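Here's a quick briefing to read with the model open beside you.

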Amino acid sequence: MSPYISVLLPVYNGGKTLKNAIMSIQNQTFTDWELLILNEFGSDDGSAEIASAFSESDRRIKLLQNTEQLGLAKTLNHGIRVAKGQLIARIDADDIAYPKRFKKQIDFLQKNPSVGICGTWQKHVSSTGCWIHKTPRDHETLAISLMFSCEMCHSTIMMRKSVLLKNDLFYDSEYEAEDFELWSRAISVTYLSNIPEVLGEYSYGNNISDKKMMLLKKEHGKICAKTMNRTLDVDFDQKQQELLNAWENIFLSEVNHRNRKGKLLTFKKMLMDLDDANQRIKMFDSYKFRGVLRARWAWANWNIRIEPRRIATIDGVFSPIHFHKLIRLNQMLKTVHSPKMLLKKIMERLAR
């Protein structure tokens, strides 16, 4: 009998954290799954041996070894094709799935048959602190938000295999952000949703090379612009696309005041053009749409993250946020674990 869930776990020299990731799957309260550990060609730090040892003691675990270097997107596509489960779940070698994750996602998908892809909130942990990625819950707010940033936590995802095959939803190897690009296409053919609960944990540090980060920053605006064009028939040129990069706040990093002001004015005009297009096409609820625009403007202008709220008018998108420095300080305090870390954060603020 085929398992209900197929879990895809790609790994490339992830031996330091792989054991914990596998054990977090074994600790799931829902037990009808298979775990496909997809070891990349050239991975030589003992990851294959760790996976093999687990597969010998748990027949639900299988090691699939790439015989040539495929890259992440092609590796995941291979996993999707050979998966036997009705549902495809994702986790990475440096992530942890909380015990009730699968059970809660299955319950949600059974109650919401129109949803093809379901994610959850995720805890991000590093040596300097932690924060919770509170992704939008409902499909419409999520669809709007995905025009600007990746609001699906990849290693918390559960997908219906039938939806992927029917709509040819495979990862595109041309992109470093293969997950973000996939969600930007998926949103137009199926419903996406997030469970507003932290059901996974992601540890980040030096797992993204400088070269990959540069490519991620370069392609992010391109993905956003393609989605905006496909959804609202709005075109942005390459210079404008650079302002859509959500990997870093380029408005904040601009040291020249005049240049920063010019970029903000251009970005403001872009948001207004998007709002005009939505008003004309009536693709999304105006209040929800402007709420997401408001969140993007707050991030660009004040470097603060706020959850999208319903905004009635376009003027409301750009109205001042009072006490924004206090809001930033409050957000900062939530990420620190010790007085020493707090002092470091304050000193960094004062140095700006």
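Predicted model: local features only at pLDDT ≥ 70, side-chain atom pairs only at ≥ 80, totals over all residues.

Residues are numbered from 1 along each chain as its sequence is written, and side-chain values use heavy atoms, with hydrogens and water left out.

**Salt bridges**

- The whole structure has 12 salt bridges, a salt bridge being a side-chain nitrogen of Lys or Arg within 4 Å of a carboxyl oxygen of Asp or Glu.
- One of them pairs Lys62 with Glu34, at 3.6 Å from N to O.
- That pair links distant parts of the chain, 28 residues apart: Lys62 sits in strand S3 (residues 61-65) and Glu34 in strand S2 (residues 33-39). Helices (H or I, at least four residues) and strands (E, at least two) are DSSP runs, numbered from the N terminus.
- Glu34 is buried at 3% relative accessible area, while Lys62 is partly exposed at 31%. Here buried means under 20% relative accessible area, exposed over 50%, and partly exposed in between (1.4 Å probe, protein chains only).
- Lys288 and Asp138 form another salt bridge, at 3.2 Å from N to O.
- Lys288 is partly exposed at 25%, and Asp138 is partly exposed at 30%.
- Glu140 joins in as well: Asp138, Glu140 and Lys288 are linked in a network of salt bridges.
- Lys269 and Asp273 form a salt bridge too, with their closest N and O atoms 2.9 Å apart.
- Because they are four residues apart in helix H11 (residues 257-281), Lys269 and Asp273 are separated by about one helical turn.
- Lys269 is partly exposed at 46%, and Asp273 is partly exposed at 25%.

**Cysteines**

- A search of the whole structure turns up zero disulfides, where a disulfide is a pair of cysteine sulfur atoms within 2.5 Å.
- Cys153 is in no disulfide, and its nearest cysteine sulfur, that of Cys150, is 7.5 Å away.
- Cys153 is buried, with 4% relative accessible area; Cys130 counts as buried as well, at 14%.

- On a 1 Å grid over the protein atoms alone, a cavity is a set of points where a 1.4 Å probe fits but cannot get out, and a pocket is an open set with protein on both sides within 12 Å along at least five of seven lines; lining residues have an atom within 4 Å of a point.
- The second largest pocket holds about 400 Å³ of space, a volume being the space filled by probe spheres set on the points, which are joined across faces, edges and corners.
- Its lining has 16 residues, with Leu215, Lys217, Lys218, Glu219 and Lys222 nearest the centre.
- Helix H8 (210-232) and helix H9 (238-242) each give two or more residues to that lining, and H8 has the largest share, with seven.
- By class, the pocket lining has four nonpolar, four polar and eight charged residues. Ala, Val, Leu, Ile, Met, Phe, Trp, Tyr, Cys and Pro count as nonpolar, Asp, Glu, Lys and Arg as charged, and the others, Gly among them, as polar.
- There is one cavity of 30 Å³ or more.
- Phe148, Leu243, Leu244, Asn245, Ala246, Phe267, Arg296 and Trp299 line the largest cavity, a set of six nonpolar, one polar and one charged.
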